[in-house]
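Biologist: I would like to go through this model with you, one question at a time. Please show the structure before we start.

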Amino acid sequence: MLRFLTAGESHGKALVGIIEGLPAGLHISVDEINRDLRARQGGYGRGARMQVIEEDTVEIVSGVMRGKTIGSPVSLLVKNKDWQLRNEDQLAGITVPRPGHADLGGAVKYGLQDIREVSERASARETAIRTAIGSVAKQLLGEFGMTLLGWVLEIGGIRCGPVPLDLQDLRNAVDQSPLRCADPSVEKPMMDAIDKAKAEGDTLGGVFAVLAHGVPCGLGSYVHWDRRLDGLLAQALLSIPSVKGMEFGEAFANSAKPGSSVHDEILYDGVFRRKTNRAGGVEGGVSTGEAILVKAAVKPLPTLKKPLNSVDIYTKVPVVAHYQRSDVCVVPAASVVGEAVVAWVLACAFCERFGRDELSRMKEGFQASLDRDPFTERLE
Ligand SMILES: Cc1cc2nc3c(=O)[nH]c(=O)nc-3n(C[C@H](O)[C@H](O)[C@H](O)COP(=O)(O)O)c2cc1C
């Protein structure tokens, strides 16, 4: 079983992640993790903090020797270059919760006197370490021919047109775009919309997609609710701060169509395939063998330079919400985090089915499953 924990506050010393259950013998590229961390920090619309931090980098603290996993827990560290919590007592307490954040609910739940004690952990800064963990998961999946890509579909209601169908072309387009958007014709209107929102002290949301190629048929399960791959992917995506909705394939559009125009007919040409992939690669909680395609709705960010009304938790007097430096739009960054969390869920489901203590044994088991036709003897 694969599992992870993260720890760390937004302006604390560092973020920490521990991954347990990786097979021994997996080569871990720190450069690849750092490339994903860089992608998460970028994207037009991010605020001043990312410039202060300059560049997140990961340090592997344990579980890897000579560049490869050794079966023991892998721990990762990402330092906060703008560490502020050295002198907590000198920081002014925050007593006005921001609508749209965990501020009020968190202070009530834990009985915290200073809202900073909520926001330091509730902050999406935590997604930096989850991106690093997802990057490790992607490296494991890569050993079995799986590749993932997250990109932006929509910002502030401005939607991409058709994007390249070939994964490499799509990746090139996304990598070249300051918005991780594969349709250059909408980049300028999107950037103008972000600039306008910034000038007005406002924020913008949008939609991102994550595509996972090469996922074998049969990951996840229909036998129990908490083993369904669709449910696990939904949970992972909705755990990204600001993600408020998701769909598989064309789920929302499909809901308005008759079944005959929605379901993906089955073909066989040496392997089972589908004529279309409207389901987004999962049926009955199990992967179909087609690419997994999920989309996620990102709400406009709740910290507003022109703040909304709130109430001081001590005086109960109405006041405007607290403001601190903040991003204007994080849909590009969220698409990188989305790619990471989808990779993690797929790595867990893959290890559940093909996991072994050693990577080489996993590869043997996986290859044997590809070579074996489970339907050779017809039942009478
Ligand atoms: C990469 C990333 C960066 C974020 N940066 C900000 C930010 O600068 N300001 C802000 O108000 N919200 C930001 N958010 C969103 C908030 O963290 C999130 O809306 C808040 O924690 C409440 O959680 P919820 O939206 O999931 O309910 C960011 C989200 C992500 C994924």
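Biologist: Which strands do the buried residues of helix 7 pack against?
Modeller: This is a predicted model, in which local features need pLDDT of at least 70, side-chain atom pairs count only at pLDDT 80 or more, and totals for chains, interfaces and linings use all residues. Residues are numbered from 1 along each chain as its sequence is written, and side-chain values use heavy atoms, with hydrogens and water left out. Contact means heavy atoms within 4.5 Å, while helices (H or I, at least four residues) and strands (E, at least two) are DSSP runs numbered from the N terminus. The buried residues of helix 7 pack against strand 7 (147-155) and strand 8 (158-159).

Biologist: Which residues of helix 7 are buried?
Modeller: Buried means under 20% relative accessible area, exposed over 50%, and partly exposed in between (1.4 Å probe, protein chains only). In helix 7 the buried residues are Glu187, Met190, Ile194 and Ala197.

Biologist: Within what arc do the buried residues of helix 7 fall, seen down its axis?
Modeller: The arc is taken from the directions from the helix axis to the C-beta atoms. An α-helix has 3.6 residues a turn, so residues three or four places apart point the same way. The buried residues of helix 7 line one face of the helix, because they fall within an arc of 95°.

Biologist: Which exposed residues does the face of helix 7 turned away from its buried side carry?
Modeller: We now look at the other face. There, helix 7 carries the exposed residues Lys188, Lys196 and Ala199.

Biologist: How many salt bridges does a search of the whole structure find?
Modeller: Side chains of opposite charge can pair when their charged atoms come close. A salt bridge is a side-chain nitrogen of Lys or Arg within 4 Å of a carboxyl oxygen of Asp or Glu. The search of the whole structure finds 24.

Biologist: How far apart in sequence are the parts tied together by Arg125 and Asp56?
Modeller: The side chains of Arg125 and Asp56 meet in a salt bridge, at 2.8 Å from N to O. Arg125 lies in the loop between helix 4 (116-122) and helix 5 (127-142), and Asp56 in the loop between helix 2 (48-53) and strand 3 (58-62), so the parts tied together are 69 residues apart in sequence.

Biologist: Is Arg361 buried or partly exposed?
Modeller: Arg361 forms a salt bridge with Glu364, with the closest N and O atoms 3.0 Å apart. The two are three residues apart in helix 11 (residues 359-371), separated by about one helical turn. At 41% relative accessibility, Arg361 counts as partly exposed.
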